[in-house]
Amino acid sequence: MSAISDTRADVRTSSPPAGSTRRGGRAGRTRSGGRTLTAIVVLVSFIAMSLLQHVTQRTHHELVKNTGSEAKLSNLNSFSLALLLGGLRGPLVMLLWTSSETQKQQKELQDFDSKVELIRLLQPEFDSVHIFQIWNKAYNISVQMANKANKYLTILDALQYAYNVNAQHHDDLNILSQVGQIFFDKLGNSAEKEFYIDRVRRESFVDVVVMVPAGRVEELDAILFRAALEPARREVLVAQAKKEGRFTINKLTADAIRPLLHGEGVSYGPSTPVVFNATNHRIRLDPLLDLDGNFLPDKVTPKTPRPADLPAGADWNDGSEMQYLKRFEPFPYGVPPMAIGVNYYKQCQVIRDTTHQKHLQLSDLVVDNRPAINTKLWGETEWTAGRKAERRAFGQQPKDEKLENELPTAMLSPTTAISGIDAAREAIYHYRLAVKIADMAQQEFVRHVRRFPAAEGGFRSHRETMEGMRSMCLADAAYLEAMLLPAGAEREERLKEAVKDYTDSLHMWERVMIGHYVAPELFAESAKRLGFKDITPETLDKLSPADLHRWAATIAIFLSQNPVQDVNDDRQEVEQYIRRSFQRLANLHAEPKGDEKP
């Protein structure tokens, strides 16, 4: 026991080693100082992070402006959503994709647009996503709508989606290409194109406010009836006039009303239309034109100077929205969707050249040749519009099929009275515009072949048919202008122009028919019979116009007697153009002489 007690006593009474108290105090102070330093570092880091976040968000908002659609989603843009969701963004996107596609298939579209908009905001960096969604809305969703008006609004939703993406990804080749495709193919060349083209033309103008004196309101319904407005629309406009002393209409409707409603107290003035409804959905296109048919200044004012290092003659996008259509103004009947599509295709071509972007789905060759091919197709639609207007000018009902409108007016002599003066002037406008478009298309073909020489042979027929269209439209415009003029020197000058251009048209279409739309066996046999040695489709320009006409007439006669050998529908189309040119020359006593006629 004593030993144990002694040991405990030793433990209790033993002193710590010398210096131990000093080292313990220093260690405590070191730990306390470390915690203070850590707290300071954390505080400074938090402040720095807050400042950097503020700078980052400010820079982001300057570079990527919030759009109206983003404002709908609680003012959260793509950047904010990414910060908020963190690692949950991926699963949420997958859920939204599955849900939206299921709704599309089941045709339950109640909140489809909201889901697609969230997908856009959550995947802003993927052009493949945007290409699909733009196409999805414009094509898959629009066809589910019950009527043309709702289909049109759905297509506008697709355009707005594209505009929102382009605001974030400025001058994005993939997105602008989709915008061009919607205008050109969906609005300008689909089954419902007549409805869409009319809407786009009308919406390309600013609206018109018509001031109506109180004493004229009672007769307004009858005036609107004579202007061919439908009953529901007349009722709305009359009610508006009674309440406000004015009503608002589109420019083309105002043009129809103006001859019927004028006089003291009546005035017509421009009005900025409402583009978005109360729920921020687009209900029409942005206006492009003033009431004179010229582009609004903000649509064609350059914003980007020409680069100093750009080669002479090279194109560059000057930052204006309708840069490549300004050369065609004025547009008294509105801008057609195909023209807007061509404008975007040209922008894409230049973007590819200047920024070397790659389209995700199209080759460089296709991006480069689209302006040429699609400008040609736009020109053909103006040509068709001219034909229809010409038939209306003579009291005839135009047909939807273009070829059915070629010959009915061809036989009318230049002294025939025109019953529809306005329709004749419209036809002249379309013909003259088609000539300008053909000139642009030829320039684009030349440019494309210079860049891709191997494409020259494949586009030879395109260029020759464009030249045939150009000559015929020049001739048709001059012929109609002569018919509108009184007898005199100016009228005779127009008729001389018509003779020259119809002659050029005749020979060009004959060359096109022989060179492109005749079977090789018939080509060789007829050439041998007529004594044309060593002539190929590529060397037809060696023949004189008289020989070309004789050859074309021989082939036409042979195929009329042997229709089973006429295997090319395109040849029959070209023959219609040959017949029209020949008939108009016969009306002017200037047809080619000879026993054989087409």
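Two cavities of 30 Å³ or more are present in the structure, which is a predicted model. The largest cavity has a volume of about 100 Å³. Its lining is made up of Tyr 163, Phe 183, Val 200, Glu 203, Ser 204, Leu 285, Asp 286, Leu 288, Glu 321, Met 322, Ile 340 and Tyr 344. By class, eight of these lining residues are nonpolar, one is polar and three are charged. Helices α10 (193–203) and α15 (337–355) each contribute at least two residues to the lining of the largest cavity.

Helix α15 also takes part in the second largest pocket, where α8 (148–168), α9 (173–189) and α14 (297–300) likewise each supply at least two lining residues. The largest share of this pocket's lining, six residues, belongs to α15. The lining of the second largest pocket divides into nine nonpolar, 10 polar and seven charged residues.

Leu 43 lies in helix α2, which spans residues 20–63. The relative accessibility of Leu 43 is 51%; because the cut-off for an exposed residue is over 50%, Leu 43 counts as exposed.

Methods:
Residues numbered from 1 in each chain as written. Predicted model: local features only at pLDDT ≥ 70, side-chain atom pairs only at ≥ 80, totals over all residues. Heavy atoms only, no water. 1 Å grid on protein atoms, 1.4 Å probe; cavity = no way out; pocket = protein on both sides within 12 Å on 5 of 7 lines; lining within 4 Å. Points joined across faces, edges and corners; volume = space filled by probe spheres on them. Helix = DSSP H or I, 4+ residues; strand = E, 2+ residues; numbered from the N terminus. Nonpolar A, V, L, I, M, F, W, Y, C, P; charged D, E, K, R; others polar. Buried < 20%, exposed > 50% of the residue type's maximum accessible area, 1.4 Å probe, protein only.
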